[in-house]
Amino acid sequence: MRRAKKLFLISLTVLFVLQSGISAPALALDYITSAAPVTITNDVFTMTIPADVPYPTNIESLILAYCNWVQEASGLSFFPPGTAYENIIMRITNDGGAYAYGGAFGINVANMDYLLDAAGAEFAYLHELTHVLQFRLINIDCPPFTEAFAILNSAKAAKAQGLVYLYWHLMSFNYAYVDPSTEEAIISSDFETFYRTNEDGWDDYLYGFRFGVYLETVYGADIFTTIIQNHAAAFGTRALTRNEFVDFLLTQTNVDVFINFAEWYWQNKDLFEMKPEPPRFYP
Ligand SMILES: [Zn+2]
């Protein structure tokens, strides 16, 4: 994600979870604070933690695990063959802001992401690291596809790791609510035009996610990875417009994929309704 509005909304959602009456879980992590900045570097990532920010003592192994999880879930690599990317840069915002984003360079997270319980941190890291996987292979300007991949790949990783709460949060809570009038507009008979042109950031998550679930249902769980790999093979990292990418998407699915989705959606809306919250636990 690259626009501040969207990023802000994501982080707000994380805060909401903490403040919505869920009994505060015992923090699974031990925290320390350093009086001077701390730089961690390894073959996968480099990060400098600002001074006076509490962070988990095992932060390096935690983040290495997050990196592995998103790679395993997608089958993609942070270091694609034939490319020459440096290790991932993890930037920390220490100005009280609460936003996160990811690109080919790496990710930006707020220092608040250390202060949350494990589920909140995983939410931010898995999502943003998935953006890194995509942008290191294909440089597309299609937010609904990019956000859907981040959401669904995070959910796959959560499921594979037994993170039941995070999986529920992603699949059955965070993107569950959509205003009915908005829904009517976005899942309309001309959904393709909407998908190609919408500029309202939060909607990109809502309909991108729904369309993404449809793609995985009809074309298989690996469809996002397949499209990304095929796009990389065809165009490399050349920047493509949103329309150019959607044209490619049609070649990978079906020329009527948007019409078919709109029909499917109204028969499968209950898939997206908010589900009861599972118990929170830490494996
Ligand atoms: Zn995003």
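**Sheet and helix packing in a predicted model**

Modeller: Five strands make an open sheet here, in the order E2-E3-E5-E7-E6, with mixed pairing. This is a predicted model, where local features need pLDDT of at least 70, side-chain atom pairs count only at pLDDT 80 or more, and totals for chains, interfaces and linings use all residues. Residues are numbered from 1 along each chain as its sequence is written.

Colleague: What makes E2 and E6 the edges of the sheet?

Modeller: Strand E2 (38–41) and strand E6 (101–103) each have a single partner strand, so one side of each lacks a neighbour in the sheet. On average, neighbouring strands of this sheet are turned by 15° against each other, direction ignored.

Colleague: How do you know that E5 and E7 pair?

Modeller: Pairing asks for at least two bridges found by DSSP between two strands. E5 (residues 88–93) and E7 (residues 106–110) have 5 bridges, in the parallel sense, so they count as paired. In one of these, Ile-89 has Gly-106 of E7 as its bridge partner.

Colleague: Why are H5 and H6 called roughly antiparallel?

Modeller: Helix H5 (residues 143–160) and helix H6 (residues 164–172) pack at about 155°, with their axes 8 Å apart. Angles run from 0 to 180 degrees between N-to-C directions, and axes are lines fitted to C-alpha atoms, for helices over the stretch in contact. Under 35 degrees is roughly parallel, over 145 roughly antiparallel, 65 to 115 roughly perpendicular, and the rest oblique. H5 and H6 are therefore roughly antiparallel.

Colleague: Which residues make that contact?

Modeller: On H5, Ile-151, Ser-154, Ala-155, Ala-158 and Lys-159; on H6, Leu-166, Tyr-167, Leu-170 and Met-171. Contact means C-beta atoms, placed from the backbone, within 7 Å.

Colleague: What puts the buried residues of H12 on the same side?

Modeller: Helix H12 (residues 257–267) has Val-257, Phe-258, Phe-261, Ala-262 and Tyr-265 buried. They span an arc of only 140° around the axis, so they sit on the same side of H12. That arc is taken from the directions from the helix axis to the C-beta atoms. Buried means 20 or more other C-beta atoms within 10 Å of a residue's own, exposed 12 or fewer, and partly exposed in between. Exposed Glu-263, Trp-266 and Gln-267 are on the face turned away from the buried side.

Colleague: What covers the buried residues of H12?

Modeller: The cover includes helix H8 (191–197), helix H9 (201–219) and helix H11 (242–252). Across the 283 residues of the protein chain, 39% count as buried.

Technical notes
Helices (H or I, at least four residues) and strands (E, at least two) are DSSP runs, numbered from the N terminus. Two residues are in contact if their C-beta atoms, placed from the backbone, lie within 7 Å.
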